[in-house]
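Please open the structure in your viewer and keep the selection tool at hand. The stops below say what to select and what is there.

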Number of protein chains: 2
Amino acid sequence: MKKIINDPNAFVDEALDGILAAHPTMLKAVSEDRRAIARADAPIEGHVGIVTGGGSGHLPLFLGYVGAGLCTAVAVGNVFSSPSPEQILAATRAAHGGTGVLYLYGNYGGDVMNFDLAGELAAGEIETDTVVGIDDVASAPPQRSSERRGVAGLFFAYKCAGAAAESGASLAKVAVAARSAVANTRSMGVGLSPTILPAAGKPTFELGPDEMEIGIGIHGERGVRRGRLESADRIAADLLEKIAADLSLIRGDRVAVLVNGLGATPLEELYVLYRHVRRDLDGMGVVVRRTYVGEFATSLEMAGASLSVMRLDDELTRLLEAPARTPFFRE
Amino acid sequence: MKKIINDPNAFVDEALDGILAAHPTMLKAVSEDRRAIARADAPIEGHVGIVTGGGSGHLPLFLGYVGAGLCTAVAVGNVFSSPSPEQILAATRAAHGGTGVLYLYGNYGGDVMNFDLAGELAAGEIETDTVVGIDDVASAPPQRSSERRGVAGLFFAYKCAGAAAESGASLAKVAVAARSAVANTRSMGVGLSPTILPAAGKPTFELGPDEMEIGIGIHGERGVRRGRLESADRIAADLLEKIAADLSLIRGDRVAVLVNGLGATPLEELYVLYRHVRRDLDGMGVVVRRTYVGEFATSLEMAGASLSVMRLDDELTRLLEAPARTPFFRE
């Protein structure tokens with residue numbers, strides 16, 4: 001896969017330069033190295049701040065969810081690498097409007113370690129709480145669900161926690177909204193082709209010309225099954241079956257559905273997947289209340305897709321429907 | 001490139017099934033074969049209808065621009081193939097709110113022929129006018145600009161004509177807005193890898209492992225130059241130079257800029273491109289008033305990007321800033 005880049009080692013900083021130049025009324029750098037970025041009007045006095053972060057290469061994750069009704073600030077790591085505690089601390093200070101900060105990010109070792117360290121650095125100055133996304137059902141069995149990775153379903157946690165923060169809810173209540181979203185969300189993906197890190201120049205993994213990998217992670221982590229590429233309907237049914245079982249979905253449940261592209265897969269194909277997911281959910285008597293189809297959490301130019309489902313209650317529905325506005329997402 | 005599809009010949013209809021199932025409050029099918037699709041509230045009594053259309057495989061082009069403040073209806077062809085006159089006629093009837101319909105689409109032979117035929121079929125029943133997008137500077141020299149292809153810059157024409165129609169302007173005035181946008185817009189693209197049509201299963205063209213093609217079309221049409229893949233900055237400078245010369249941009253001009261991904265290219269890379277485009281425009285003393293970065297007109301999973309620039313006057317600025325809402329675009 002060829003890339004439109006300059007010096008591979010400058011890739012992340014140059015992309016950030018472009019983003020800040022493109023959206024100066026919505027985003028601002030809040031650290032010397034420009035790796036901590038906040039919504040332009042942060043901090044919002046009296047509102048809980050939400051800080052996220054992680055490696056680059058997943059746009060619109062993570063930076064794309066910084067804005068009104070979503071996250072307040074982000075710490076931006078190198079490609080597929082965690083941001084530093086200092087970068088997270090800078091984002092924390094920029095997000096703190098006097099009522100504390102929620103850390104909300106995906107469950108990866110380096111991110112957990114560095115967010116925890118940042119929280120310790122902020123202790124005494126800023127109250128923090130932490131919720132991690134653990135939606136990827138392929139990454140650990142149900143009895144070890146706390147070890148699961150966070151993938152595209154993190155969007156639902158951002159949306160719900162962000163709506164709570166925007167309404168002026170307390171840190172405890174914003175954390176409850178995030179935890180409720182996480183507890184009710186499951187995801188699973190399929191990879192068709194690998195991605196290449198700009199600085200490495202080599203594929204993160206190999207797949208045969210007719211192969212797919214079910215359960216793949218957004219950094220190319222091994223999935224649960226590798227095999228011959230199947231039809232869209234079979235893939236959709238397979239992903240949904242695992243998710244529905246893990247969520248214990250039953251007739252009458254209301255859900256939000258997200259079909260996410262991992263990078264190279266055309267939007268048309270995502271809708272072909274959605275078609276079958278929707279038919280199966282209709283068949284199960286599960287009511288789809290909100291649908292999202294597009295690129296929400298990518299892996300550079302990986303071909304593939306993921307399915308995320310969040311079970312809704314009245315409160316989560318209300319939070320999902322609230323307005324939001326970033327350069328990358330509008331509701 | 002592997003695909004998430006079922007029967008390749010059902011690809012377009014299944015994608016449409018998914019789109020209509022996902023967005024039932026915003027879109028509706030208005031022909032038996034579901035290849036004519038309109039915004040859910042069409043026709044809007046007393047408002048000019050805008051009908052677009054073309055081949056599939058370019059989402060969000062064309063269907064993605066059907067909604068409030070943009071187009072009223074679309075005729076959807078097979079992958080890279082024109083819709084039929086009958087499908088365009090069905091879209092025309094669905095869009096007609098009593099004050100006529102503007103046909104607004106890209107300049108491709110089959111589309112021109114079939115829209116013209118649809119206009120003849122509608123004659124006596126519905127007044128129509130036609131504006132075609134001709135923004136691709138690589139596809140013909142300035143003295144033959146009317147032969148140029150329409151690519152991502154068509155978005156600007158949709159946005160401006162759509163805003164005029166939404167405000168209740170007459171057919172003549174909506175056509176003036178579209179013509180003004182077209183006259184002030186230029187685009188040029190670069191391709192890094194080919195696309196594969198689902199039903200054909202073979203690449204539309206071949207490029208060596210280190211090659212790029214400057215000036216490529218969104219169906220893989222030959223560009224103006226094929227050579228070794230250059231840096232993002234060189235590509236950006238090259239695309240902008242051709243566009244700026246063709247538009248005769250001068251110091252003090254105000255512009256809107258669109259950096260468009262052709263399918264597989266990560267959003268991060270599009271922002272790296274934008275970074276240099278913006279620096280060059282700043283250096284020329286050209287003022288960037290609006291920026292759009294993302295996938296606006298794709299070619300399935302082609303890797304590559306295009307740059308579009310529209311010179312702004314007060315009226316075009318006002319039309320660009322007006323609200324718009326479709327399942328694929330919100331302003």
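## Where the two chains touch

Select both chains: 46 residues of chain A are in contact with 46 residues of chain B, contact being counted when the C-beta atoms of two residues, placed from the backbone, lie within 7 Å. This is a predicted model, in which local features need pLDDT of at least 70 and side-chain atom pairs count only at pLDDT 80 or more, while totals for chains, interfaces and linings use all residues. Residues are numbered from 1 along each chain as its sequence is written, and chains are lettered from A and ligands numbered from 1 in the order in which they are written.

Now select the side of chain A that touches chain B. Helix H1 (11–22), helix H6 (232–247), helix H7 (267–284) and strand S11 of chain A each supply at least two of its residues. Helices (H or I, at least four residues) and strands (E, at least two) are DSSP runs, numbered from the N terminus. H7(A) gives the most to this side, with nine residues. By class, the side of chain A that touches chain B has 25 nonpolar, ten polar and eleven charged residues. Here Ala, Val, Leu, Ile, Met, Phe, Trp, Tyr, Cys and Pro count as nonpolar, Asp, Glu, Lys and Arg as charged, and the others, Gly among them, as polar.

## The axis

## Chain A by itself

Chain A has eight helices and twelve strands. Its C-alpha atoms fill a box of roughly 50 × 50 × 35 Å along the principal axes. Of the 331 residues in chain A, 63% are buried (20 or more other C-beta atoms within 10 Å of the residue's own; exposed means 12 or fewer, partly exposed in between, with C-beta atoms placed from the backbone).

Select H4 (residues 154–166) and H8 (residues 314–321) of chain A. These helices pack at an angle of about 80 degrees, with their axes 8 Å apart; the axes are lines fitted to C-alpha atoms over the stretch in contact, and angles run from 0 to 180 degrees between N-to-C directions. That makes H4(A) roughly perpendicular to H8(A), a term for angles of 65 to 115 degrees. Lys159(A), Cys160(A), Ala163(A) and Ala164(A) in H4(A) meet Leu316(A), Leu319(A) and Leu320(A) in H8(A).

Most residues other than glycine have a negative phi, and most peptide bonds are trans.

Select Leu300(A), in the loop between strand S11 (287–294) and strand S12 (304–312) of chain A. Leu300(A) has a positive phi of about 50 degrees although it is not a glycine. Is Leu300(A) buried or exposed? Leu300(A) is buried, with 30 other C-beta atoms within 10 Å.

Bring chain B back and select Ser248(B), in the loop between helix H6 (232–247) and strand S10 (254–261) of chain B. Ser248(B), not a glycine, has a positive phi of about 50 degrees, and Ser248(B) is exposed, with 9 other C-beta atoms within 10 Å.

Finish at Pro60(B), in the loop between strand S3 (49–56) and strand S4 (73–79) of chain B. The peptide bond from Leu59(B) to Pro60(B) is cis, with omega near 10 degrees.

Methods: Angles under 35 degrees count as roughly parallel, over 145 as roughly antiparallel, 65 to 115 as roughly perpendicular and the rest as oblique.
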